[in-house]
Amino acid sequence: MDHVDRIITQWNKARPDLDVGPMETIGRLSRLTARLRGEMEKTWKVYGLNPASFDVLATLRRSGKPEGLSPGELLELTMVTSGTMTNRIDRLVKAGLVERVPNPEDKRGFLIQLSQAGFSTIEKAVSDHVETQRRLLQGLSSTQRDELNRLLKDLGETINNGAR
């Protein structure tokens with residue numbers, strides 16, 4: 001019996017009229033999310049990164065655009081507010097991990113580009129990040145991971161389509 005089982009048992013005794021099945025699922029997802037995030041943050045910290053800086057560097061690296069991305073493209077790919085993105089970029093510029101370079105298609109604008117240090121950092125960090133994720137999921141078979149991915153995708157689509 002785990003922590004969530006204990007909570008569900010208590011609710012079943014306190015309010016047997018309620019179907020707390022959804023609470024069990026969401027409780028497990030919430031606890032797992034916190035634990036997974038904590039383990040990934042340990043990996044990022046080795047490289048002096050946090051979730052925000054890893055997100056920007058990883059987005060720049062996977063974009064396939066070595067010339068960089070506009071701040072608007074970064075916003076779109078990371079889904080944060082523009083003020084948040086400006087702060088993230090400023091911190092990464094100060095750390096020497098990204099550079100602002102002129103945008104050849106917009107003389108008034110600029111692109112955000114990985115610096116050599118940023119490229120080197122994200123290359124190492126993302127390799128270790130993937131290894132951390134592999135380690136965290138090693139208790140599931142490939143078939144179980146596929147099924148879990150399918151179920152989570154279905155849940156995401158249901159929620160995104162306005163399930164009430």
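Predicted model: local features only at pLDDT ≥ 70, side-chain atom pairs only at ≥ 80, totals over all residues.
1. **The annotated span.** An unreviewed UniProt entry carries the annotation "domain: HTH marR-type" for residues 22–157. In the model, this span is 70% helix and 11% strand.

2. **Helix 7, length check.** Helix 7 covers residues 142–160. Its 19 residues, at 1.5 Å a residue, should span 27 Å.

3. **After helix 7.** Gly162 follows helix 7. The phi of Gly162 is positive, near 90°.

4. **A nonpolar surface patch.** Five names to look for on the surface: Leu29, Leu148, Leu152, Leu155 and Ile159. Together they form a nonpolar patch with about 380 Å² of accessible area. Helix 7 gives the most to this patch, with four residues.

5. **Leu152 within the patch.** Leu152 is one of the patch residues and is found in helix 7. Is Leu152 buried, partly exposed or exposed? Its relative accessible area is 37%, so Leu152 is partly exposed. Patch residues need over 30% relative accessible area.

6. **Glu39, a buried residue.** Glu39 sits in helix 2, which runs over residues 21–46. Its relative accessibility is 11%, so Glu39 counts as buried. The cut-off for buried is under 20%. Which residues does Glu39 touch, leaving aside neighbours within four places in sequence? Glu39 is in contact with Thr132, Arg135 and Leu136.

Note on methods:
Residues numbered from 1 in each chain as written. Heavy atoms only, no water. Patch = residues over 30% accessible without salt bridge, like charges linked within 9 Å, V, L, I, M, F, W, Y side chains within 5 Å. Areas by Shrake-Rupley, 256 points an atom, 1.4 Å probe, with all protein chains shown as cover. Salt bridge = Lys/Arg side-chain N within 4 Å of Asp/Glu carboxyl O. Helix = DSSP H or I, 4+ residues; strand = E, 2+ residues; numbered from the N terminus. Buried < 20%, exposed > 50% of the residue type's maximum accessible area, 1.4 Å probe, protein only. Contact = heavy atoms within 4.5 Å. Expected span 1.5 Å × (residues − 1). UniProt positions renumbered as here; feature names shortened; annotations may be inferred.
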